[in-house]
Amino acid sequence: MKRWIAPAVLVFILLGAWELAARWHVIADALSLKPYLVPAPSDVASSLWSDRSLLASNAWVTLREVLGGLAIAIAVGFALAVSLHLSSILRRAFYPLLVASQTVPIIAIAPILVVWFGYGAGPKLAIIALVCFFPVTVNTLDGFRAVDPELPKLMRTLDASRLATLARVETPAALPYFLSGAKIAVAVAVIGAVFAEWAGSSAGLGNLILNANSTLQTDRVFAAIAVLSAIAIGLFGLLALAERRVAWWGRGERERTA
Amino acid sequence: MHTTPEAPLAEPPSLTRPDAEAAQGTVDGSARGQALEVAGVGHSFGELQAIERVDLAAREGEVVGVVGPSGCGKSTLLELIAGLREPAVGQIAVEGESDADRRLARCAYMPQRDLLLPWLRAIDNAALALRNRGVPRRAARRAAAPLFDRFGLAGFESARPSELSGGMRQRVAFLRTLLAGKPVLLLDEPFAGLDAITRAEMQEWLAGALLDGGRTAVLVTHDVEEALYLSDRVVVLSPRPARVIAELTGPAPRMTPRRDAVTSLAFVEARERALAALAGGRR
């Protein structure tokens with residue numbers, strides 16, 4: 001329990017400082033703003049409560065986009081890692097493209113995707129998947145590469161086909177790496193969802209933020225941000241739990257010496 | 001498909017290289033066939049010459065020890081025999097088959113480290129070869145279970161490797177090798193990672209296990225005593241690049257307790273000759 005105390009105290013201090021700074025108009029005065037533009041944590045909290053049904057319905061839209069995009073990213077990212085692992089030709093051909101795909105500014109191409117695919121779920125899923133598959137693929141590939149080179153040899157002497165070695169040795173060995181990649185993907189998925197909704201949407205927390213911002217309802221903006229963070233933290237926590245439950249053997253078997 | 005390690009082995013066809021056999025002087029013309037023959041094998045990795053020339057033979061059921069200084073190419077020799085690599089020069093035949101894939105089908109290889117899969121229970125690690133051949137999990141476990149009783153692992157079937165001691169892990173690795181159901185066992189420094197006491201215990205245990213199974217085995221080690229105690233015959237290799245510098249017919253004391261065996265006069269003499277050969281090989 002002790003390890004919770006330090007961060008809890010820090011959060012409490014930061015929130016308290018923000019509360020006081022907002023209440024005494026320190027920030028607003030410094031920026032020469034109207035005080036209502038700088039909500040205190042208590043204002044955000046009351047917005048979280050009074051706007052709860054609005055936030056919940058939009059959070060549900062965003063959560064579905066995030067889960068759908070993540071599912072695509074994880075499936076595609078893992079399949080890509082397996083194919084690149086199995087074929088060195090594919091690896092040499094695809095790897096530079098993979099890296100290049102991450103240099104594309106998503107925020108810039110998001111509007112184009114909306115022009116091409118419309119306001120439906122399609123472009124949102126595509127954008128989220130695009131920002132999320134990369135950490136999954138790269139981490140899983142690292143996991144495959146970290147497999148003790150003696151193990152595939154041993155499997156050959158135990159009559160294993162290439163597929164059996166992949167299924168019984170390489171995939172379990174890479175699983176902790178894959179889950180690390182998925183945790184990173186979860187964190188960026190929420191960011192991707194907001195970009196996607198800003199590019200064109202009729203609902204979702206990103207959409208809510210845009211609308212609230214244009215009507216200067218800053219407390220609602222912060223409330224939506226808090227919910228987005230909670231979604232990301234919740235998904236991250238679920239994956240961390242999965243990591244401990246299904247990949248308890250962890251990384252680095254290779255470092256273990258005889 | 002072997003589903004039990006006790007599957008009777010077909011009589012291997014005899015090798016048609018009497019000259020090589022004569023040069024070895026190990027074939028006694030008995031009814032038992034030649035299980036393994038390594039003739040004039042050399043191997044290099046790029047510039048690095050690992051094995052200069054090695055000749056080696058093992059009759060069916062014979063345990064041949066291979067001793068040599070660390071890094072002399074002993075592990076490479078086992079990988080060559082197992083069919084994991086093709087030798088640059090020379091011939092290797094396992095039960096008369098010299099094709100690498102056919103050797104692979106006839107050799108079970110026990111690596112230096114136990115290489116147990118941490119996510120599998122001990123029994124599933126032991127039965128890995130059966131699973132690889134498509135045997136359902138339950139049937140594979142049924143085949144492995146009796147060996148756990150026989151080899152002092154009863155009660156540890158569902159333990160994870162991380163819950164086992166070093167000696168037990170090594171036993172599970174040996175069972176995995178046995179359950180591969182192959183006629184020839186290749187053991188690479190099986191006890192290198194163990195402390196002295198566990199190591200002595202495990203040597204006694206392996207002596208019993210080898211007697212029990214009656215399988216042909218090549219045991220690679222840098223420990224002269226271990227080789228002499230466990231083998232019918234010991235081949236001494238020079239430092240890299242490896243060549244055979246001595247061959248000793250050991251006192252074959254596997255049936256006696258280790259402490260009595262290693263202190264017998266014949267054993268001590270054989271050990272001194274082996275050590276002298278190793279020292280001579282170093283020059």
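**Notebook: chains A and B**

I started with burial in chain B: 50% of its 283 residues count as buried. I note here that the model is predicted.

**Chain B, overall**

I counted elements next. Chain B holds 11 helices and nine strands. I then looked up contact range. Of the contacts in chain B with a separation of 6 or more, 68% are between residues 24 or more positions apart.

**Chain B, domains**

I checked the domain assignment of chain B. Domain 1 comes in two pieces, 18–106 + 183–282. Domain 2 covers 116–181. I took the centres over C-alpha atoms and found 25 Å between domain 1 of chain B and domain 2 of chain B. How many residues does each domain bring to the contact? I found 11 residues from domain 1 of chain B and eight residues from domain 2 of chain B.

Which helix gives the most to the side of domain 1 of chain B that touches domain 2 of chain B? I noted helix α8 of chain B, residues 196–213, with six residues. I sorted that side of domain 1 of chain B by residue type: seven nonpolar, three polar and one charged.

**Chain A, overall**

I moved to chain A. Its secondary structure is 11 helices and zero strands. Read from the N terminus, the order of elements is α-α-α-α-α-α-α-α-α-α-α. I looked up the extent of the C-alpha trace of chain A, and along the principal axes I have about 75 × 50 × 30 Å.

For burial, I have 38% of the 258 residues in chain A as buried. For contact range, I took pairs in chain A at least 6 apart in sequence; 77% of these contacts join residues at least 24 apart.

**Chain A, domains**

The assignment for chain A gives domain 1 as 1–38 and domain 2 as 43–255. I get 31 Å between the centres of these two domains of chain A, over C-alpha atoms.

**Chain A, helices α8 and α9**

I picked one helix pair to follow in detail. Helix α8 of chain A spans residues 150–157, and helix α9 of chain A spans residues 162–199. The two pack at an angle of about 125°, and their axes are 10 Å apart.

Which residues make the contact? From α8(A) I listed Leu151(A), Pro152(A) and Met155(A). From α9(A) I listed Ala164(A), Thr165(A) and Val169(A). By type, the residues of this contact are five nonpolar, one polar and no charged.

**Ile225(A)**

I looked up one residue in helix α11 of chain A, which runs over residues 218–246: Ile225(A). It has 14 C-beta neighbours inside 10 Å, and so Ile225(A) counts as partly exposed. Buried would need 20 or more, and exposed 12 or fewer. I then checked Ile225(A) against Val44(A). They lie 181 residues apart in sequence, yet their C-alpha atoms are 10.0 Å apart in space.

**Between the chains**

Last, I turned to the contact of chain B with chain A. Chain B brings 20 residues and chain A brings 16 residues. Which elements of chain B give two or more residues to the side that touches chain A? I found β5 (107–110) and α5 (128–132) of chain B. I sorted this side of chain B by type too: 15 nonpolar, three polar and two charged.

Technical notes
Residues are numbered from 1 along each chain as its sequence is written. Chains are lettered from A and ligands numbered from 1 in the order in which they are written. This is a predicted model: local features need pLDDT of at least 70, side-chain atom pairs count only at pLDDT 80 or more; totals for chains, interfaces and linings use all residues. Axes are lines fitted to C-alpha atoms, for helices over the stretch in contact, and angles run from 0 to 180 degrees between N-to-C directions. Helices (H or I, at least four residues) and strands (E, at least two) are DSSP runs, numbered from the N terminus. Two residues are in contact if their C-beta atoms, placed from the backbone, lie within 7 Å. Ala, Val, Leu, Ile, Met, Phe, Trp, Tyr, Cys and Pro count as nonpolar, Asp, Glu, Lys and Arg as charged, and the others, Gly among them, as polar. Domain bounds come from an automatic or database domain assignment.
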